[in-house]
Amino acid sequence: SDEALRKKTVTIVYDIRDETAGGTAGVPRLRTAGAGIGGPLAGPGNMTYARGVAYDVVTEEEGRAAVRDVAAYEPDTVKIWLDERGGRGQKMAPEVAQAIVDEAGMLGLGVSAHVRGHADAEVAVAAGVYALVHLARDREMDDALVAAIVEQEIYVTPTLSMAERNGYSGEVPAWLKEQYLVGMLNDTVPEEVIADLYQSFADRSPEAAENARNSYAFLHNTVTKLNAAGALVILGCDTGLQNHFWGFAEHRELELLVAAGLTPMQAITAGTSRAAAYLGLDDLGTLAPGKIADFLVLSANPLDDIINTRSISSFYMQGNLVDRAALKAQLTGDGVGTN
C-alpha cells in the first residue's frame with residue numbers, strides 16, 4: 001500500500017540521515033524533506049518506484065494533516081509539488097498550498113515548493129514558501145514575481161544542468177567530453193550506465209531537443225534577472241535522477257550559473273555558505289574558526305575560471321584528509337565503478 005511504502009521509505013531515509021549526522025570521512029551527510037506532499041499522483045520522480053511515497057492531498061485539512069505527519073520525523077524542510085507533473089497528477093489548489101505553508105510555519109518548518117510553470121511559482125510565492133525548487137519553464141519570470149522573491153528572501157534553486165542537457169539531440173555535447181568529467185564518469189559509474197547516458201542523446205528527437213532549448217532559455221534569462229536583483233540563489237541540480245550523477249552534475253551546474261550571470265564567487269557561495277544557510281547548518285559552509293573543516297584544495301583558481309573547481313588536489317572532511325585513491329578503489333571494488 002502507499003502508506004506501507006511511505007513508512008518504509010521515510011524510515012530508511014531518516015535512518016541514513018541520523019547515521020551520517022556526525023560526519024564520517026568520505027561519507028556525505030544527508031538532509032531530507034521526507035515523504036513530501038502533492039496533489040494526487042503529483043509526487044516525486046518519473047520513475048514508477050518513487051510514486052506513492054508522497055502524501056496525496058486535495059483539501060486544506062488533508063494538507064495540514066500531512067504536514068503534521070511529516071513533522072513527526074523532524075524533517076529539514078517540507079517539500080510540496082504544486083504542478084500536475086506533466087499531466088500525470090493533479091495540480092495542488094492554491095488554498096491547499098497556503099494551508100500547508102501555514103501549518104508548517106506553526107511547527108517551525110519552512111516549505112520548499114516544486115514548481116514548473118510561472119503560475120505555480122506565483123502561487124508558491126503568494127503562500128510564503130521558504131524556497132522554490134526549480135523555476136518557471138514555460139516563460140521567463142516577470143519583474144513582479146522576481147521582486148516578490150527578493151523581497152520575501154525566498155531561496156531559489158535553478159537546477160539548470162538537467163534542463164540544459166535535454167537540449168541536445170544526436171551528438172554527445174562537447175562539454176561532456178571534457179577531460180575531468182570523462183574521468184569522473186569512468187572512475188565512478190559503470191560502463192553500461194555511461195553507454196546509456198550517451199545513448200540518451202541519440203534517442204532524443206530534434207523536436208524534443210528544440211523544446212528543451214526554448215525552456216532552458218527561459219531558465220537562463222530568469223536566473224540572470226534573479227541574480228541581478230539580489231535573489232538568494234542556491235546550488236541544486238536534481239542529482240540522482242537517471243543519467244544525472246552526483247558531483248558530476250554540480251560541476252556543470254556551477255558553469256551554467258556563471259554563464260547565466262553569476263560571478264564565480266557568487267556561484268561558489270550558492271553551493272557553500274548560502275546552501276548551508278538554507279539548510280540551517282550553522283557549522284558548515286565557510287572556512288572559519290569553530291566551523292566543521294570540510295573543504296577542497298584546488299590546484300587552479302576558480303575565480304579565474306569556474307571550471308577550475310574540477311582541479312581538485314585534495315579533499316578534507318572534519319579536518320581529516322580523505323584518501324581519495326582508497327575511496328575510489330572501494331567504490332570500484334564494490335562494483336559501483338567500472339572495474
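Biologist: How many bridges pair strand β1 (residues 37-38) with β2?

Modeller: This is a predicted model, in which local features need pLDDT of at least 70, side-chain atom pairs count only at pLDDT 80 or more, and totals for chains, interfaces and linings use all residues. Residues are numbered from 1 along each chain as its sequence is written, and side-chain values use heavy atoms, leaving out hydrogens and water. Helices (H or I, at least four residues) and strands (E, at least two) are DSSP runs numbered from the N terminus, and two strands pair if DSSP finds at least two bridges between them. G38 stands opposite D56 in β2, and the parallel pairing of β1 with β2 has this number of bridges: 2.

Biologist: Which strands are at the edges of the sheet?

Modeller: The open sheet has 7 strands with parallel pairing, in the order β2-β1-β3-β4-β5-β6-β7. An edge strand pairs on one side only, and that describes β2 (55-56) and β7 (232-233).

Biologist: Let's look at β4 (residues 111-114): are its faces covered or open?

Modeller: V111 and A113 are on one side of the strand, with S112 and H114 on the other. Each of these residues is buried, meaning under 20% relative accessible area with a 1.4 Å probe, protein chains only. Both faces of β4 are therefore covered.

Biologist: Which helix does the chain pass through from β3 to β4?

Modeller: This β-α-β crossover is right-handed (with the strands pointing away from the viewer, the path from the first strand over the helix to the second runs clockwise). The helix spans residues 94-106, and its name is α3.

Biologist: And at what angle do the axes of α10 (residues 248-259) and α11 (residues 264-271) cross?

Modeller: Axes are lines fitted to C-alpha atoms, for helices over the stretch in contact, with angles from 0 to 180 degrees between N-to-C directions; contact means heavy atoms within 4.5 Å. L254, L257 and V258 in α10 meet P264, A267 and I268 in α11. The two axes come within 9 Å, and their crossing angle is roughly 135°.

Biologist: Which word describes how α10 lies relative to α11?

Modeller: Angles under 35 degrees count as roughly parallel, over 145 as roughly antiparallel, 65 to 115 as roughly perpendicular and the rest as oblique. The crossing is at roughly 135°, which makes α10, relative to α11, oblique.

Note on methods. Buried < 20%, exposed > 50% of the residue type's maximum accessible area, 1.4 Å probe, protein only.
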